[in-house]
Amino acid sequence: VKKIYTSCMCTTATLTTKEGKAGPFGMPGHEAIQTISQTIAPNEEASVEAIYDPAAHGPAGTGKVRRTIYIETDAQKEPLELTFEANVTS
């Protein structure tokens, strides 16, 4: 894993592997996206924790939302995309 970043400033992501935790990572342009070097071997597990803060958008931040976490690796040309959706009511 080389980089992790999110689609919106309201979302951060943390990667956990056997090497430990890396992050939290946010949206490019709102903070510097650091390069990391985490290896996940075949059959090894890793997890990504997403923290979504609906208050980041103020009172207008209600309704359906869709956010994405992007993971760049040496093995893929395009980033892996992890997406979640929510319906923010208040």
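1. Lys18 and Glu44 form a salt bridge, their closest N and O atoms lying 3.5 Å apart; the term denotes a side-chain nitrogen of Lys or Arg within 4 Å of a carboxyl oxygen of Asp or Glu. Lys18 sits in the loop between β2 (11-17) and β3 (20-25) and Glu44 in the loop between β3 and β4 (47-52), so this contact ties together parts 26 residues apart in sequence. Lys18 is exposed at 67% relative accessible area, whereas Glu44 is partly exposed at 22%. Here, buried means under 20% relative accessible area, exposed over 50%, and partly exposed in between (1.4 Å probe, protein chains only).

2. The model is predicted: local features need pLDDT of at least 70, side-chain atom pairs count only at pLDDT 80 or more, and totals for chains, interfaces and linings use all residues. Residues are numbered from 1 along each chain as its sequence is written, and side-chain values use heavy atoms, leaving out hydrogens and water.

3. Arg66 pairs with Glu85 in a salt bridge, with 3.0 Å between the closest N and O atoms. Arg66 belongs to strand β5 and Glu85 to strand β6, so the pair ties together parts 19 residues apart in sequence. Strands (E, at least two residues) are DSSP runs, numbered from the N terminus. Both Arg66 and Glu85 are exposed.

4. Asp74 and Lys2 also meet through their side chains in a salt bridge (3.8 Å, N to O). This pair links distant parts of the chain, 72 residues apart: Asp74 is in the loop between β5 (63-72) and β6 (80-88), and Lys2 in the segment before β1 (3-6). Asp74 is exposed at 69% relative accessible area, while Lys2 is partly exposed at 32%.

5. By the stated rule, the count is three salt bridges.

Methods. Helices (H or I, at least four residues) and strands (E, at least two) are DSSP runs, numbered from the N terminus.
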